[in-house]
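Reader: Could you walk me through the salt bridges here, with some reasoning along the way?

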Amino acid sequence: MRGYSSIRAVAQRAGELADLRRKRLNKEKNQWGTAIALDLLLGAGPWVVGTCAVAVALWSVHEYVEGAPGTFSYFNAPGAIGVVSTFSAFLLVSKIQANLACNATIIAEFGNLTGALINLALWVKSQMVAGKRFAKPLELPDGSGGLYTTNKIGLTLASVAYIVKYVGRGVEIEPHGLPLGQDAELVATYNQYTRVVRGSNASMTPFMAITLMISEQIDALQRSEKKDTEYAVLFAQLNAVTVAEGSIGTMTGYNPPYILDALLLVVFVLFLVLTLVGDLIPNNGANAIWISAIVAFCTIAFFQISDRYWNPFHLRSKRSGQEPIISKMAVSTELAITAIF
């Protein structure tokens with residue numbers, strides 16, 4: 001009876017892992033309309049609402065506080081406002097360009113990484129010797145009632161893109177949600193490499209662990225074959241994977257000096273306040289409220305929206321105002337590697 005319960009538990013676990021695979025490969029349709037609405041709400045909304053609130057407060061002071069119009073006239077300095085406006089515009093455009101360049105670079109490097117993984121899979125397949133441990137075919141449930149064929153090195157290679165994606169997103173990686181999660185031995189090896197060493201806080205990063213696993217598998221496949229040229233090519237492709245991951249890590253981990261972002265906000269707030277006090281409110285009255293909202297929307301709001309997209313790993317495939325190409329590339333890479341093996 002106990003043996004039957006154990007078999008049933010194993011089968012149930014296999015079904016759960018297969019279901020994770022099905023969900024991983026079948027992403028929900030992107031709700032780009034909702035995503036754009038959220039971009040406007042969370043990116044432009046706070047600045048537009050905040051600017052209107054400040055404009056209402058300053059207009060009330062101008063209209064109902066005795067002597068306020070005379071005080072406001074002291075701030076009517078077109079030259080100074082022009083300088084601050086020009087500099088704030090320069091800072092905003094520079095930051096928007098930097099954010100969009102970072103977005104494009106990360107996507108390009110992720111493409112290089114997935115391309116190197118597929119090349120590595122092709123080279124491994126061409127040099128693979130039948131019967132060796134990591135080359136033995138595995139038939140696993142696909143989550144849709146059928147089976148698919150792969151092997152241990154195929155599962156490991158297909159997991160790399162997801163690991164890089166999740167690390168870039170800054171979320172904890174659950175190995176059972178990766179392609180390698182359907183093989184208990186691979187999960188155990190991954191957990192062994194990533195666990196914290198007793199007596200210290202040192203541990204391998206997920207990417208280091210998966211790279212070591214691939215290196216060991218390649219070494220096992222090539223052992224005693226004496227194909228030095230092919231062996232070198234395999235590790236050259238693995239090196240291309242690590243180079244791309246290094247570039248991605250550099251881009252996602254880099255932050256400019258905090259003082260620069262703080263000064264950007266200070267300069268722009270100063271520009272808005274000077275413009276309201278020295279020009280918009282005295283010359284336009286209550287109309288300054290909606291005019292200032294337009295000014296904020298056409299300037300700082302664009303920066304805030306671009307700031308939401310500098311790291312494309314944060315974009316969810318079901319709600320992205322940009323084509324969720326990172327998720328799509330990860331899925332297509334898994335499918336390609338599975339087809340190769």
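Author: Happy to! Partly exposed means a relative accessible area between the buried limit, under 20%, and the exposed limit, over 50%. Please keep in mind that this is a predicted model.

Reader: Thanks! Which class does Glu 185 fall into, buried or partly exposed?
Author: The relative accessible area of Glu 185 is 28%. Buried needs a value under 20% and exposed one over 50%, so Glu 185 is partly exposed.

Reader: And what is the N to O distance between Glu 185 and its partner Lys 152?
Author: Lys 152 is buried, at 11% relative accessible area. The side chains of Lys 152 and Glu 185 form a salt bridge, with an N to O distance of 3.0 Å. This pair links distant parts of the chain, helix H5 for Lys 152 and helix H6 for Glu 185, 33 residues apart. The distance you asked for is 3.0 Å.

Reader: Which helix holds both Lys 23 and Asp 19?
Author: Their side chains meet in a salt bridge at 3.5 Å, N to O. Lys 23 is partly exposed at 48%, and Asp 19 is partly exposed at 26%. The two lie 4 residues apart, about one turn of the helix, and that helix is H1.

Reader: Where does the salt-bridge partner of Arg 24 lie?
Author: Arg 24 forms a salt bridge with Glu 334, their closest N and O atoms 2.8 Å apart. The pair spans 310 residues, from Arg 24 in helix H1 to Glu 334 in helix H12. Both Arg 24 and Glu 334 are buried. The partner's location is helix H12.

Reader: Finally, how many salt bridges does the structure hold?
Author: The pairs of Lys 23 with Asp 19 and Arg 24 with Glu 334 are among them. The total is 8.

Definitions and conventions:
Residues numbered from 1 in each chain as written. Predicted model: local features only at pLDDT ≥ 70, side-chain atom pairs only at ≥ 80, totals over all residues. Heavy atoms only, no water. Salt bridge = Lys/Arg side-chain N within 4 Å of Asp/Glu carboxyl O. Buried < 20%, exposed > 50% of the residue type's maximum accessible area, 1.4 Å probe, protein only.
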